[in-house]
Amino acid sequence: MLSFESDYTEGAHEAILQALTATNREQLPGYGADRYTERAKEKIRKACGCPDADVMLLTGGTQTNAVVIDAVLRSYEGVVAADTGHVSCHEAGAIEYTGHKVLTLPGHDGKMDAEELRGLLAAFYGDGNHEHMVFPGMVYISYPTEYGTIYSKAELAALHGICGEFGIPLYIDGARLGYGLMSPAADLTLPELASLCDVFYIGGTKVGALCGEAVVFPKGEAPAHFFTTVKQHGALCAKGRLAGIQFDVLFTDDLYFKISRHAVDMAMKLRDIFKKKGYRFRLDSPTNQQFIILENRQMEELGRRVRFGFWEAADKDHTVVRFATSWATDPAAIDELDGLI
């Protein structure tokens, strides 16, 4: 049975498995103090064009979001996100569990509008009762968004500029960062993205690694005792080598970007197949996630032969489903799908 259910159904890239096997018997310090983790951090700093960046490797995406947001915010602050943002709807209240409210703005095909952000912040500080309210302490966006869309360089610069005006940091969730940067629609590089935010993470779990994410504070301004906060949240792996070795491999010879481009290329072929056969799309996604509208009976029939993800109801007779490609998608699977739909 074909599967386009998500981009983390496979294990890890073979080069990572080989490196883990080759280093398996080495006795290394724990908690990320090993040489592979240090080497990975240096490679990430170089790739980001941020020689002074603070880099920390964490276990997974939800843990990363909870740790970063909790570490950056004060007790009376919340995080601003699009209502479609991952921290708002698909993290089981992980942010609220840390004691911080998610303050939402309308999502526009997954994206936050800069002027609506300005309006929210201005309205908050213009309210004479704002001392009784949850302060907007940071802004969260995803690149790509939960709908596979990406911010342009101008859109990202506008958001970053508004955050600067109000003195709050901009945080980018990069769970699928490679798939966004390697999209043919992208107009910014990793160093440019790093220069237009205050903290972001490079997703490994969905882009070739078994698990793990790399948090980057581009200017070297991680919150005090960030390491300790990571451990408090259960996001610090004692065998830090596991993430270190994986990111060392991913950032050798541009592997991270090569496998990301492969996923996007496969998604574009998949998209073309559905378009040629007259299927409708929820929106135009330029990345590895494609959102297709199916009649409910059609969805049930196709679901017997292909795995895909439920996304949302379009109306009483139609459903939006997600087809996701990954770093490991076999071109032959795309060809086989062509014969099934």
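**View 1. Tyr 31 is a partly exposed residue, with 39% relative accessibility.** In this predicted model, Tyr 31 sits in the loop that runs between α1 (14-22) and α2 (35-48). Its phi is near 60 degrees, a positive value in a residue that isn't glycine. For background, most residues other than glycine have a negative phi.

**View 2. Asp 253 is another non-glycine residue with a positive phi, here about 55 degrees.** Look for Asp 253 in the loop between α11 (241-250) and α12. Is Asp 253 buried or exposed? Asp 253 has 63% relative accessibility and the cut-off for exposed is over 50%, so Asp 253 counts as exposed.

**View 3. A cis peptide bond links Tyr 143 to Pro 144.** Omega for this bond is near -5 degrees. Pro 144 belongs to the loop between β5 (135-142) and α7 (153-166). As a rule, most peptide bonds are trans.

**View 4. The largest nonpolar core brings together 63 residues.** Ile 44, Leu 117, Phe 200 and Ile 202 have the most contacts inside this core. Which helix gives the most to it? That's α12 (residues 255-276), which puts in eight residues. Apart from this core lies another one, of 25 residues, including Ile 95, Met 138, Val 199 and Phe 217. In soluble globular proteins, nonpolar side chains tend to be buried together.

Notes:
Residues numbered from 1 in each chain as written. Predicted model: local features only at pLDDT ≥ 70, side-chain atom pairs only at ≥ 80, totals over all residues. Heavy atoms only, no water. Core = buried A, V, L, I, M, F, W, Y, C linked by side-chain atoms within 4.5 Å. Buried < 20%, exposed > 50% of the residue type's maximum accessible area, 1.4 Å probe, protein only. Helix = DSSP H or I, 4+ residues; strand = E, 2+ residues; numbered from the N terminus.
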